[in-house]
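Biologist: Could you put the structure up, so that we can go through some side-chain contacts together?

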Amino acid sequence: MKALSLSLFLLALGLALPASATVSIEFQLGGIEVPSGSLGVLVVDADRNNSFTSPSSPEAEGSQLTYSAQIGGDVIIGLFTPSGISGWGPTQKGFATQIVSLDYAGLGLQEGDKLALHIFPQRTENQAIRPGEPHLTYRTDEIGQRTSNSTMGFALPPDGGAHLLAVIGAAQGGQADLASLDMRNLPYAAGSGSFDRALSSTARHTYFFEVGGAGFLSLDGIGGEGLLVELFGPTGQSVYSGGGAEFGLYQTMPLGLYTLVLTRQAGGSGELSYEMDFANSDVRFVLPDLAVGPTLTSLRGNNLLNGAPGQATALTSVKANPVTAFATIANRGRLPDTIGLAASPGSALCGIAYFQGSANVTAGLLAGTFRTASLAEGDDPVAVRVQFSPNKKKLTKKSGRKSKILKKSFSTLVRANSTQGPLATDAASIQVQTR
């Protein structure tokens with residue numbers, strides 16, 4: 001097969017081919033959202049398995065972004081940088097390049113082999129694909145996705161002649177829906193930020209960022225029914241999947257490249273707004289919440305934080321008999337963490353012991369070294385049983401033949417504190433009076 005001289009241009013719709021062109025392809029892709037410094041890479045499905053290798057997959061790692069190189073089973077036949085063209089708007093771009101002497105036989109290609117366009121942000125020709133490489137991929141066989149004057153689809157045309165593949169957004173006079181080609185840098189390294197956008201029924205918003213060392217990501221979002229959020233990590237795997245009215249991710253992640261993708265469930269109409277806040281430091285807090293009472297169903301102090309008034313209970317010991325009370329601890333903050341507990345000791349007149357289930361945890365509470373299991377917002381509270389044991393012998397006063405229990409008050413102050421992040425505390429008191 002003779003060599004195919006290929007001119008590949010991303011041009012404004014209606015721009016004519018050079019008069020000298022005899023065997024060429026004109027490729028038009030316009031009205032897309034990609035960062036400056038992006039690299040467009042046109043590939044051919046050379047192994048003809050009817051699929052393309054994802055550049056973020058382990059199979060693609062190390063592949064060179066250069067002409068005739070392979071990405072998995074795909075062969076690169078064109079590389080080009082974005083160009084802003086009049087009429088496409090200030091933020092939208094396209095691509096332009098010229099490929100000469102495309103040799104079907106030499107590259108192991110043939111007429112009908114399928115094409116796909118990869119777009120890599122902040123990449124240049126001859127660089128190697130990194131683990132989890134952020135990218136966009138576009139291809140379509142649908143006639144409705146091309147302008148009416150296109151003479152070929154996303155496949156290699158017959159050798160010889162001039163061929164046109166025009167994929168231009170409706171705002172630029174074409175027929176294609178390019179809402180999925182939207183990629184932006186999430187400036188994670190800047191510390192924190194936020195954005196407020198809206199997804200059309202077919203849009204796909206893609207954000208990319210790099211974690212230069214093991215680092216924390218805080219991601220809070222507000223969306224709506226049908227919003228889908230997924231975060232892909234350095235090996236292309238999904239590390240978070242969520243969405244809906246409220247969503248959030250808070251975790252330390254390994255170094256590497258990450259891609260955040262927002263889409264929506266099929267079937268929706270109109271725009272779906274969302275807001276998102278991100279930070280590379282932990283902006284959540286542990287909020288201990290103590291409550292006390294004579295039983296687990298009659299507690300005082302729930303949702304009263306920071307030692308606010310009202311977190312107290314009073315009980316009576318009749319004839320100096322033992323009395324039981326309860327203290328519960330919950331975490332009302334968004335950072336899961338263990339919570340430290342401390343409490344007051346008893347005395348010679350009244351011993352005080354603390355139990356978690358059947359375990360005596362008195363020593364830990366008196367020393368302030370007791371820790372709950374990790375508690376997250378919404379978890380069931382941890383309960384501690386508090387046992388007051390008045391010393392009946394020392395509290396009994398004889399008057400002639402009669403004996404009387406002295407009226408004495410005994411109390412403990414139970415204190416809770418966060419063990420991670422900014423210090424947060426709560427406190428509640430339990431009082432017992434003998435009679």
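Biologist: How many aromatic pairs does a search of the whole structure find?

Modeller: This is a predicted model, and searching the whole structure for aromatic pairs gives 6. One of them joins Tyr 138 and Phe 154, whose rings sit edge-to-face at 5.8 Å centre to centre, with 75° between the planes.

Biologist: Where do Tyr 138 and Phe 154 lie?

Modeller: Tyr 138 belongs to strand S9 while Phe 154 is in the loop between S9 and S10, so their pairing ties together parts that are 16 residues apart in sequence.

Biologist: And are those two buried or exposed?

Modeller: Tyr 138 and Phe 154 are both buried.

Biologist: OK, what about Phe 195 and Tyr 207, why is that pair called stacked?

Modeller: The ring centres of Phe 195 and Tyr 207 are 4.6 Å apart and the planes meet at 25°, so this pair counts as stacked, given that planes under 30 degrees apart are put in that class. Phe 195 comes from strand S12 (residues 192-199) and Tyr 207 from strand S13 (residues 205-211), so the contact ties together parts that are 12 residues apart in sequence.

Biologist: What is the relative accessible area of Phe 195, and how does Tyr 207 count?

Modeller: Phe 195 has a relative accessible area of 17% and is buried, and Tyr 207, at 3% relative accessibility, counts as buried. The cut-off that matters for Phe 195 is that buried means under 20%.

Biologist: Which residues do ring pairs link into a cluster?

Modeller: Phe 195 and Tyr 207 are linked by ring pairs with Tyr 274 and Phe 278, and these residues form the cluster.

Biologist: Switching to charges, how many salt bridges are there in the whole structure?

Modeller: The search of the whole structure returns 10 salt bridges. In one of them the side chains of Lys 114 and Asp 141 meet at 4.0 Å, N to O. Lys 114 is in the loop between helix H1 (104-107) and strand S8 (115-120), and Asp 141 is in the loop between strand S9 (136-138) and strand S10 (162-168), so this bridge ties together parts that are 27 residues apart in sequence.

Biologist: What else does Asp 141 meet in a salt bridge?

Modeller: The side chain of Asp 141 also meets that of Arg 139 in a salt bridge, at 3.2 Å, N to O. As for accessibility, Lys 114 is partly exposed with a relative accessible area of 28%, Asp 141 is partly exposed at 47%, and Arg 139 counts as partly exposed at 24%.

Biologist: Which residues are linked in a network of salt bridges?

Modeller: The network of salt bridges links Glu 33, Asp 182, Arg 184 and Arg 197. Within this group, the side chains of Asp 182 and Arg 184 form a salt bridge at 3.3 Å, N to O; Asp 182 counts as buried at 6% relative accessibility, whereas Arg 184 is partly exposed with a relative accessible area of 31%.

Biologist: Which residues form the positive surface patch?

Modeller: Lys 397, Lys 404, Lys 407 and Arg 435 form a positive surface patch, and Lys 397 is found in strand S28, which covers residues 396-399.

Biologist: Last one, where is Pro 157 found?

Modeller: Pro 157 is in the loop between S9 and S10, where this residue is buried with a relative accessible area of 4%. From Pro 157 to Leu 249 the separation is 92 residues in sequence and 46 Å in space, C-alpha to C-alpha.

Technical notes. Residues are numbered from 1 along each chain as its sequence is written. This is a predicted model: local features need pLDDT of at least 70, side-chain atom pairs count only at pLDDT 80 or more; totals for chains, interfaces and linings use all residues. Side-chain values use heavy atoms; hydrogens and water are left out. Helices (H or I, at least four residues) and strands (E, at least two) are DSSP runs, numbered from the N terminus. Buried means under 20% relative accessible area, exposed over 50%, partly exposed in between (1.4 Å probe, protein chains only). Patches are made of residues with over 30% relative accessible area and no salt bridge: like charges are joined within 9 Å, nonpolar side chains (Val, Leu, Ile, Met, Phe, Trp, Tyr) within 5 Å. Accessible areas come from the Shrake-Rupley method with a 1.4 Å probe; for residues, only the protein chains shown count as cover. Lys and Arg count as positive and Asp and Glu as negative; His and the chain ends are not counted. The place of a charge is taken as NZ of Lys, CZ of Arg, CG of Asp or CD of Glu. Rings of Phe, Tyr and Trp (its six-membered ring) pair if their centres lie within 6.5 Å; planes under 30 degrees apart count as stacked, over 60 as edge-to-face and the rest as tilted.
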